[in-house]
Amino acid sequence: MEKRRLVQTGFALIAVAIVIGAFIIRSSRRGDEPSTAALALGPQADGVIKERQLNPEEVEAALRTYPRPGKYDDEFFAFLSGGHAGTVVVVGLPSMRILKQIAVYSQDAWQGWLTGSKESEEIAKEGYFYKDMPLDWGDLHHPKLSLTNGEYDGKYLACADKAAGRLAIIDLRDWKTKQIVKTPNTVSDHGNYWTPNSEYFVTSTFFPAPQPYGTFEPIEQYAEKYRGTITFHAFDTNAGRIRLEDSWQIELPPYFQDLISAGKKVSTGWMFTNSLNTEMATGGTLEGKPAMETGASKNEMDFVHVINWKKAEELVKAGKTENVGGIRQLKLKTAASEGVLFFIPVSKSPHGVDVTPDGKYICAAGKLDPHVTVYSFEKIQKALAEKNFESNDRFGVPILKYDAVREEYVEVGLGPLHTEFDDKGYAYTSLFLDSAVAKWSLGGPRQKPGEEPWKLQQKLSVHYNIGHLTAAGGDSAKPYGKYLLSLNKWSVDRHPAVGPLHPQNLQLIDISGDKMKILYELPIGIGEPHASNIAPASLFKGAWTTYPEVGFDPRTMKKDPYGINIGQERVVREDEHTVRVFMTQVRSQFRPDILRVRQGDHVILHVTNVERARDATHGLALHGHNVNLSIDPGQTTTVEFDVKHPGVYPWYCTEFCSALHMEMTGWMLVEPRDERSGRK
Ligand code: CUK
Ligand code: CUA
């Protein structure tokens with residue numbers, strides 16, 4: 001007892017010293033009065049530390065992550081995927097506060113996304129498989145920031161949809177989804193990556209299928225008739241839009257092309273894709289066949305795809321493509337014979353392929369093998385030049401000799417998945433089975449004397465079962481180091497029970513020092529973050545706080561032809577059944593606030609928020625009509641609906657915008673049609 005007390009007091013004293021020390025350093029850096037800060041905090045902090053039984057590490061972690069009220073202390077933003085919530089979640093680091101959820105594939109009434117606004121609905125429609133089959137959600141896995149010279153440029157964010165073979169573009173001026181594109185010939189996209197100057201946003205299929213989609217072929221003819229693809233979606237960096245007419249794809253064998261990474265710096269012009277199920281298993285558990293998981297794990301080796309996309313681009317330009325499902329497609333045969341597509345053996349069912357920041361090495365981890373296999377780009381080039389192939393696969397794709405291209409085989413631990421990098425020559429690999437992050441040294445001269453290259457340095461336990469991890473800038477040509485996020489799949493008993501569906505567990509890890517340290521934990525109950533990109537907050541300083549002019553359409557990023565200013569409000573009956581309304585909103589009224597229509601009318605409502613003040617967003621919820629708009633300062637939004645039933649339907653502003661917000665209302669008065677007939 002005595003001893004424990006002593007130890008505790010000792011800890012508390014050390015902690016107080018750290019608190020004071022850190023504050024003095026921090027305050028002097030910021031030019032505050034060091035003495036005041038230290039004096040004010042000392043004894044109180046001591047009490048808190050004792051009461052909460054905090055150890056020095058915890059106190060330090062708290063100090064390092066605590067955001068001062070009203071200050072922009074977050075140095076980084078993490079753009080996390082929301083998984084099958086179909087969203088992107090933005091979290092500030094190191095505070096781990098959720099700053100925003102961006103609606104992408106799924107409805108979000110708060111943002112007025114797919115709850116009536118015509119702009120959002122038209123964007124979503126472009127992504128449907130079939131125009132008569134709406135898709136109300138998506139499975140968003142890998143948000144990727146656009147690149148200039150392989151580095152994040154903070155302009156756009158793109159992300160594929162595993163559930164529907166789509167991709168979405170988010171503009172980081174107003175942080176809204178601008179475009180959703182259905183990738184031709186694919187039913188499912190998983191891997192996605194920008195080429196180093198965002199020339200293309202590249203997506204790879206997960207499930208191979210007969211092409212174009214909508215084609216039926218028996219699954220018994222899987223090897224002959226099913227195909228994967230990798231699609232190079234041409235991106236117009238000025239317009240911020242994918243141009244499908246300039247895009248093209250490469251037909252691939254029916255393996256699962258899981259994840260992809262673009263070469264950078266020395267390996268610019270190349271693309272790497274890991275694949276699983278080279279067994280071409282199809283499942284069939286009730287038909288006497290092995291389950292997918294068994295069938296797809298038979299082979300000792302699967303393939304990393306090595307794709308010379310610059311060469312492919314030349315062939316596309318030379319017209320060596322076929323039009324398949326509305327896109328130019330380089331057929332598998334051509335890709336295999338013309339030096340576009342090669343394979344490298346990789347151990348069993350890999351998940352993830354990652355290129356080092358210098359572009360020299362490609363890391364792939366087989367989740368059933370405790371190693372990360374590192375391939376050398378230089379060795380790949382040499383083997384290609386010398387035609388050092390071990391054979392062709394059954395589709396005629398040359399397979400490079402494993403020993404000729406492998407650089408290293410680094411033992412990291414059980415269930416390695418994804419690898420990211422820091423600014424000091426280290427790699428970090430997630431270990432799903434070990435529930436740990438492995439830090440290992442890359443090749444080349446080491447900064448630390450005596451440290452061996454290609455060696456495990458530390459394993460840090462995380463809770464529990466990590467999927468992806470993300471280091472700041474860790475998949476780009478310019479890693480920032482400092483922080484790493486561990487995106488854990490299970491949280492089990494880590495947080496208080498909130499029902500059987502548990503939150504995912506994110507852990508913030510300090511990677512600035514010699515040893516990794518956990519700083520903070522964020523249970524996140526709004527989706528399943530698979531992956532993220534972490535970039536300096538300063539990259540996004542130019543984010544808009546209002547739209548540049550009143551009457552702005554965020555979809556076209558231009559003045560909306562139906563956008564108006566105060567004084568131009570009007571209701572126009574265009575014909576017997578169509579009413580067009582030009583409406584404005586400003587604190588705290590709608591103009592007009594009475595709308596007289598008749599049963600059976602079709603209403604087209606253009607609403608302009610004429611506010612110029614920052615944060616003066618207004619809503620418009622119309623009772624009974626499944627409509628809620630969210631209109632930011634300067635924005636114009638359109639909603640169209642049929643008035644099917646007579647009655648009185650109020651509308652109101654859903655955003656608590658002013659002292660008279662409760663009064664910010666209107667009435668839609670719907671006269672019955674039969675009563676009216678004969679009156680006029
Ligand atoms: S995946 Cu989810 S943990 Cu879609 Cu990148 Cu690996
Ligand atoms: Cu506008 Cu409340």
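Trainee: Why is threonine 229 called buried?

Mentor: Happy to start there, and keep in mind that this is a predicted model. Threonine 229 has a relative accessible area of 0%, and buried means under 20%, so threonine 229 is buried. Threonine 229 sits in strand S10, which covers residues 228-236.

Trainee: Which residues is threonine 229 in contact with, leaving aside its neighbours within four places in sequence?

Mentor: Among them are Thr186, Thr203, Gln211, Ile250, Leu252 and Gln329. Each counts as a contact because heavy atoms lie within 4.5 Å.

Trainee: And aspartate 246: why is it called partly exposed?

Mentor: Its relative accessible area is 42%. Exposed would need over 50% and buried under 20%, so aspartate 246 falls in between and is partly exposed. Aspartate 246 lies in strand S11, residues 241-252.

Trainee: Which residues does aspartate 246 touch once its neighbours within four places in sequence are left aside?

Mentor: Aspartate 246 is in contact with Ala234 and Arg328. As for glutamate 408, 162 residues away along the chain, its C-alpha atom is separated from that of aspartate 246 by 39 Å.

Trainee: Let's move to asparagine 274. Is asparagine 274 buried or exposed?

Mentor: Asparagine 274 has a relative accessible area of 0%. That is under 20%, so asparagine 274 is buried. You will find asparagine 274 in strand S13, residues 270-276.

Trainee: What makes the pair formed by the side chain of asparagine 274 and the backbone nitrogen of leucine 259 a polar contact?

Mentor: A polar atom of that side chain lies 2.9 Å from the backbone nitrogen of leucine 259. The cut-off for a pair of N or O atoms is 3.5 Å, so the distance of 2.9 Å is within it. The side chain of asparagine 274 also reaches the backbone oxygen of proline 350, at 2.9 Å. Leu259 and Pro350 are both in the list of residues in contact with asparagine 274, which also includes Phe256, Phe303 and His351.

Trainee: How do you know where empty space is left?

Mentor: Rolling a probe the size of a water molecule over the atoms shows it. Here the count comes to five cavities of 30 Å³ or more. The largest cavity holds about 180 Å³ of space. It is lined by 21 residues, and His142, Lys144, Ile260, Asp354 and His468 are the closest to its centre. Strands S8, S12, S18, S24 and S28 each give two or more residues to this lining, which divides into seven nonpolar, 10 polar and four charged residues.

Trainee: What makes a space a pocket rather than a cavity?

Mentor: A pocket is open, while in a cavity the probe fits but cannot get out. The largest pocket has a volume of about 1,600 Å³. Its lining has 45 residues, with Lys100, Trp175, Ala543, Trp544 and Thr545 nearest the centre.

Trainee: Which element gives the largest share of the lining of the largest pocket?

Mentor: Strand S3 does, with four residues. By class, the lining of the largest pocket has 17 nonpolar, 12 polar and 16 charged residues.

Notes: Residues are numbered from 1 along each chain as its sequence is written. Chains are lettered from A and ligands numbered from 1 in the order in which they are written. This is a predicted model: local features need pLDDT of at least 70, side-chain atom pairs count only at pLDDT 80 or more; totals for chains, interfaces and linings use all residues. Side-chain values use heavy atoms; hydrogens and water are left out. Buried means under 20% relative accessible area, exposed over 50%, partly exposed in between (1.4 Å probe, protein chains only). A polar contact is a pair of N or O atoms within 3.5 Å; within protein, one must be able to donate a hydrogen and the other to accept it, and residues adjacent in sequence count only if both atoms are side-chain atoms. On a 1 Å grid over the protein atoms alone, a cavity is a set of points where a 1.4 Å probe fits but cannot get out, and a pocket is an open set with protein on both sides within 12 Å along at least five of seven lines; lining residues have an atom within 4 Å of a point. Grid points are joined across faces, edges and corners, and a volume is the space filled by probe spheres set on the points. Ala, Val, Leu, Ile, Met, Phe, Trp, Tyr, Cys and Pro count as nonpolar, Asp, Glu, Lys and Arg as charged, and the others, Gly among them, as polar.
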